[in-house]
Amino acid sequence: MARVTINNKTEKQAKVSRVLTFSCVDGPGNRLVLFLQGCNFDCITCHNPHTINHCNHCGDCVEPCPAGALAFSESGKVIWNAELCTNCDKCIEVCSHKSSPKITTMTVTEVIALVRSNHFFLSGITVSGGEATMQLPFIIELFKSIKQDSELSHLTCFIDSNGSLPESGWEKVMPYLNGAMIDLKSWQSETHQWLVGRDNHRVFKSINQLAEHGKLYEVRLLHIPERSDLDTEIEQVGQFLKRLPEKVNIRLNAFQHHGVQGVALEWDKCTEQQMIHFHSQLSEIVQRPIMKPSIYT
């Protein structure tokens, strides 16, 4: 984790892909969402693939930029001029490295200032990604600062994660964490390895650990008909979800093509009828409310 020196103190900082000052879909209530750059999964179905890797400064995006917002520094690194940028995302479109040159470095102090300027309208803050927990020391310091601030301490602190963080990592952030949202992408480890490039044993451990400590807010399942195994292993999936605390939300997402690159664009999208069927089967086993997507694109 990178550090900077401010007022003779060493402060952590993070690589940030995007900030949303208001969101109602990233946890309970209205939230400020911080999307951090970098992910340890390489999901075939990722709808934000430009958040996976860090820029390697190859420069393939510099010339195609229609606004002239990208250039090479004297050291040969790609630099981004936010004032010239029109956010056309041409740089992301031409990048073959699953990255973006439009990354900013933010300190905890800078994020706190942003939260403070919007706190009257917020229920809390959510740190997402990429995979947010790859920058865990920054998150811990940020959440701790919020909890220790009399003006901000009422805000809830959430993490949106793929569940890959080791148990020791969750233990470190747990004292400052109000809730986590975890993706369960497949049941079988082999299928998970194919879909994201890693097995899923840590995902199950994360879900169980967070549930045990009352910090699991939501489990999300991505339905990819005839590709994933959540429907073919539905009895096991249902029984696992059934054992989770009643207060844990279960949300189903339908595979769509938005933002997806590569071979997954050739896969059929999940239709509303397929989702209704999957939802019906799973609900019979879990016997509790399960949220369905409202939009299919």
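How many of the six residues of β8 are buried? Five of them are, so that strand β8 is mostly covered, where buried means under 20% relative accessible area, exposed over 50% and partly exposed in between, with a 1.4 Å probe and protein chains only. The model is predicted: local features need pLDDT of at least 70 and side-chain atom pairs count only at pLDDT 80 or more, while totals for chains, interfaces and linings use all residues. Residues are numbered from 1 along each chain as its sequence is written, and side-chain values use heavy atoms, with hydrogens and water left out.

Helices (H or I, at least four residues) and strands (E, at least two) are DSSP runs, numbered from the N terminus. Strand β7 (residues 124–128) pairs with β8 in the parallel sense over four bridges; two strands pair if DSSP finds at least two bridges between them. Gly124 has Thr156 in β8 as its bridge partner. A cis peptide bond, with omega about 20°, joins Gly129 and Gly130. Gly130 belongs to the loop between β7 and α3 (136–147).

The aromatic residues come next. Seven aromatic pairs are found in a search of the whole structure; rings of Phe, Tyr and Trp (its six-membered ring) pair if their centres lie within 6.5 Å, and planes under 30 degrees apart count as stacked, over 60 as edge-to-face and the rest as tilted. One of these pairs is edge-to-face and joins Phe158 and Tyr217, at 5.2 Å centre to centre and 85° between the planes. It links distant parts of the chain, since Phe158 is in strand β8 (residues 156–161) and Tyr217 in strand β10 (residues 216–223), 59 residues apart. Phe158 counts as buried because its relative accessibility is 4%, whereas Tyr217, at 25%, counts as partly exposed.

Phe255 and Trp267 form a tilted pair, because their ring centres are 5.9 Å apart and their planes stand at 55°. Both Phe255 and Trp267 lie in the loop between β11 (249–254) and α8 (272–286), so the pair ties together parts that are 12 residues apart in sequence. Phe255 is buried at 1% relative accessibility, and Trp267 is buried at 4%. Trp187, Phe204 and Phe240 form one aromatic cluster.

What of the cysteines? The structure holds zero disulfides, a disulfide being a pair of cysteine sulfur atoms within 2.5 Å. The closest cysteine sulfur to that of Cys91 is in Cys61, and at 5.9 Å it is too far for a bond. Cys91 is buried, with a relative accessible area of 8%. Cys270 is in no disulfide either, as the nearest cysteine sulfur, in Cys43, is 17 Å away. Cys270 is buried at 2% relative accessibility.

Two residues other than glycine have a positive phi. Asp89 has a phi of about 65° and is found in the loop between β5 and α1 (90–94). With a relative accessible area of 36%, Asp89 is partly exposed. Gln287 has a phi near 55° and is placed in the segment after α8. Gln287 is exposed, with a relative accessible area of 59%.
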